[in-house]
Structures are given as C-alpha cells and as structure tokens.
Amino acid sequence: TGYVTLDSGYKNTGATKSAITFLDGEEGILRYRGYPIEQLAEKSNFLEVAYLLIYGELPTTEQLNAFAGTITKHTLVHEDIRKIFDGFPSAIHPMAILSSLTCVLTGFYPESLDPNQSTEELDLTIVRLMAKMSTIAAWTYKNSMGHPLNYPRNDLDYCANFLYMMFSFPTEKYEINPVVVSALNKLLILHADHEQNCSTSTVRLVGSANASLYGSVSAGINALWGPLHGGANQEVIEMLEAIEKDGGDTSKFIAKAKDKNDPFRLMGFGHRVYKNFDPRAKIIKVAADEVLQALGMQDSPLLKIAQELEQAALTNQYFIDRKLYPNVDFYSGIIYKALGIPTEMFTVMFALGRLPGWIAQWKEMRENKEPIGRPRQIYVGATERDYVAIGERA
Ligand code: CMC
C-alpha cells in the first residue's frame with residue numbers, strides 16, 4: 001500500500017540497474033558492455049558479441065573457440081522435436097513455432113527448470129539455447145515451405161550453418177556466399193541487445209518469478225512478435241511493397257501517417273527512446289547499400305522507395321516536430337529480403353539476434369538476486385457494492 005505513481009508504458013521508470021547496454025536516445029549512442037555498436041558491427045562477429053553480452057568481457061581466442069565449439073556441438077535437436085513439427089498447422093506463423101519450441105526445450109532438459117543450477121549447469125543451459133534456437137528457427141522456415149528439414153553442419157560457423165539449414169536442399173550442393181554470411185553477422189550483432197525494451201523486460205519479469213531461462217525467453221519471443229516491437233520489420237517490407245503496388249507515390253503514405261483519423265503509421269519510423277537517429281539504422285542503411293551492390297541488386301525498387309520515403313519524412317514538419325527518425329527496422333527488412341529471407345521470417349531473425357541479449361539480461365537479473373517483478377496499479381473500477389442475485393439484475 002502507500003503512494004503509487006502511475007507511469008503507463010514505463011516511460012520514466014527504471015525497472016533495474018544493468019551493466020550490459022548503454023543507450024543515449026538524445027545523442028543516438030548505443031554500446032554493449034562499453035563497446036560502441038559501430039565498432040562491434042564492423043570488427044566483431046555474432047558469437048563474439050554474444051559472449052561479450054553474456055559474460056561481460058570480450059573473449060580470448062581460447063574462450064571464443066570453446067564457446068563457439070560447444071555451441072556447434074549442441075546444434076542438433078532431439079528427434080522428437082522434429083516430430084512436433086508435423087503437428088503444427090501449415091499456416092502457423094514461424095514466431096509461434098519458435099516460442100512454443102523454445103519452451104518445449106524445458107521438457108528435454110528438465111534440469112533447466114532448477115533455479116539453483118550451478119554455473120557450469122547454467123552455462124550448458126545457455127549454450128543449448130544458443131545452439132538449438134538457430135536450428136529450430138531455420139526449421140520453422142523449411143516447415144512453412146514444406147521442404148525437408150536440414151540437419152546442422154558442424155564444419156560451418158554459426159551464421160554459415162544457419163544459412164545452410166535455411167537454404168540448402170539435399171538434392172543440391174549449397175554454396176556459402178561470404179557476403180551473405182558477413183551481412184547476417186552484422187544484422188545479428190545490431191539486434192543483439194537493446195536494454196530494457198518490451199521483450200527484454202518480459203524476459204526479466206518472467207524470470208524474476210524464478211521461471212526457467214527457456215520459459216522466460218519463450219515469453220520474450222511472443223513480446224517481440226508484436227507489430228510495435230520486432231514485428232515492425234515485417235510490416236516495413238509489407239508497407240514498401242504496398243507503396244510499390246500503389247504506384248510508388250510516397251507522399252500519399254506520408255499524408256496517411258500524419259492523418260490522426262487514419263491508424264496507419266510509417267513503419268520503421270519513431271522510437272520510444274531514440275529522439276535522434278537510431279545508430280543501428282545508420283549502420284544498416286550503409287550495409288543495405290553494400291549488400292545490394294555485392295549481390296547485384298542495387299536497382300531494387302523497394303530500396304528506392306525506402307530512400308524516398310525516408311527523405312520525405314525527414315524533411316516533413318510532422319516528423320521533425322515529433323523527432324521521428326528511421327529505426328533499426330527501416331532498412332533491416334531490405335537486407336533480409338536481399339539475402340533471400342522471406343518476410344514471415346524477419347521477426348524470427350530479430351529473435352535470433354536478440355537471444356544473447358535476453359540471456360545476458362536474464363542472467364544478470366538472477367545474479368543480482370532481483371526480487372519478483374510486481375508492478376502496482378491505480379484502481380479506477382467500481383467502489384464497493386452488494387452482490388445481486390441473477391434473477392434480480394436489471
Ligand atoms: N508514424 C506516424 N506517427 C508516429 C509514428 C509513426 N511511425 N511514431 C510515432 N508517431 C507519432 C504518434 O502518433 C504521436 O503523435 P501525437 O503526439 O500527435 O499523438 C507521437 O508521434 C509520439 O508517438 P508515441 O506512439 O506516443 O510514441 P511511443 O514512444 O509510445 O512509440 C513506437 C514508439 C516505436 C511504438 C512508435 O514510434 C511506432 O509505432 N512506430 C512504428 C512501429 C515501429 O517502427 N516499431 C519498431 C520500433 S524499433 C524496433 C524495436 O525496438 O522493436
């Protein structure tokens with residue numbers, strides 16, 4: 001009891017102390033464990049960044065080899081998981097499969113339910129999740145296409161193996177394209193953590209009840225699926241395609257986004273925290289140009305529409321007044337599309353990237369022995385009244 005302050009959407013309420021990610025929305029700064037996102041995106045790779053987020057320091061060669069090697073060793077999933085795929089409806093969204101099967105992992109590794117796992121046991125729980133989620137993610141796509149599921153290949157690194165599982169066929173030789181591998185590494189790094197966003201807060205809140213890592217991450221996946229959060233990358237491409245289909249007039253869609261009687265929003269624009277350019281969007285924009293050049297797709301009409309739309313919004317008073325800039329999702333979909341990743345899989349890709357962040361935040365919450373999360377409310381319902389028998393109600 002006592003005085004409760006209301007902060008709908010937690011706009012000004014810090015829920016935790018954290019040493020993982022620093023974000024300054026006014027200045028457009030993002031750092032993981034102190035390292036600027038620009039340096040990590042250019043020089044590092046996804047598993048190294050995952051190690052940094054989860055364990056707090058950049059790994060030595062030995063530590064990285066051990067971490068990556070153990071992940072590779074655990075990429076196979078139990079054959080019964082393969083059978084579960086047969087039971088899903090064919091039209092199911094890949095995010096629904098991803099969240100379900102992430103939670104199902106608790107059934108195969110019941111020791112992960114123990115809130116008092118030793119450090120070694122927890123490390124194994126973490127590694128299994130990092131390893132198996134990439135296999136499950138690739139299989140959600142293969143399942144949606146009705147293609148045979150590909151088993152992981154231990155001779156490939158994390159990103160190459162994921163692409164192999166996504167795109168290869170048992171009937172054909174699969175060529176790994178280094179441009180695609182490098183673009184995927186960059187995208188996953190840029191999505192790897194973003195402090196207390198909706199899905200991460202979900203993971204921490206669920207985990208604060210001593211729920212397992214797999215159960216907490218499964219909840220985070222569902223939060224990420226929402227169109228105002230990770231689902232926006234799919235919506236951006238659908239919006240760009242709709243503009244293209246409509247004849248390519250971006251000004252019409254800018255007008256729609258400004259119209260308060262129209263629910264349409266410019267997807268990929270605006271951010272709760274960034275009131276300046278999202279630093280990830282800057283990196284992704286350059287990467288989109290590079291990837292499309294390297295793949296000979298520089299004439300992509302969607303890229304052209306995105307560039308026009310961005311320019312039109314950045315010079316429009318409505319967007320200037322509200323400090324609405326492109327966010328990470330504005331260009332990420334264009335790269336995913338160029339890499340051959342279908343629209344329905346975009347949010348799954350986001351989840352794959354965000355996984356080390358969720359793990360690091362869950363682990364930090366546990367290590368800090370944070371209390372169970374339990375927000376208060378301001379009650380605005382009926383005052384006390386007496387029960388009326390059903391036959392006597394008006
Ligand atoms: N298009 C048109 N108007 C917008 C947009 C937009 N994309 N975003 C915000 N506004 C307007 C909004 O209508 C409001 O106007 P007014 O003050 O006149 O009522 C004002 O800007 C402030 O918006 P808000 O909804 O109060 O801001 P928020 O911090 O609650 O929402 C947001 C942030 C990201 C949900 C929102 O900007 C949005 O819906 N953007 C489109 C969806 C999107 O791209 N989401 C991805 C976010 S980044 C990836 C991630 O972290 O998940």
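These legends walk through a few close-up views of a predicted model. Residues are numbered from 1 along each chain as its sequence is written. Because the model is predicted, local features need pLDDT of at least 70 and side-chain atom pairs count only at pLDDT 80 or more, while totals for chains, interfaces and linings use all residues.

**View 1. The protein chain is assigned two domains, domain 1 and domain 2.** Domain 1 is made of 19–176 + 191–228 + 353–367, and domain 2 covers 232–338. These bounds come from an automatic or database domain assignment. Between the C-alpha centres of the two domains there are 27 Å.

**View 2. Here domain 1 meets domain 2.** On the domain 1 side, 13 residues are in contact with twelve residues of domain 2 (contact: C-beta atoms, placed from the backbone, lie within 7 Å). The elements giving two or more residues to this side of domain 1 are β2 (29–32) and α1 (37–43), and α1 gives the most, with three residues. Helices (H or I, at least four residues) and strands (E, at least two) are DSSP runs, numbered from the N terminus.

**View 3. Three strands form an open sheet in the order β1-β2-β3.** Their pairing is antiparallel; two strands pair if DSSP finds at least two bridges between them. At the edges sit β1 (21–24) and β3 (35–36), each pairing on one side only.

**View 4. A closer look at β2 and β3 shows their antiparallel pairing.** Two bridges join these strands. Look for Tyr32: its bridge partner in β3 is Tyr35.

How values were computed:
Two residues are in contact if their C-beta atoms, placed from the backbone, lie within 7 Å.
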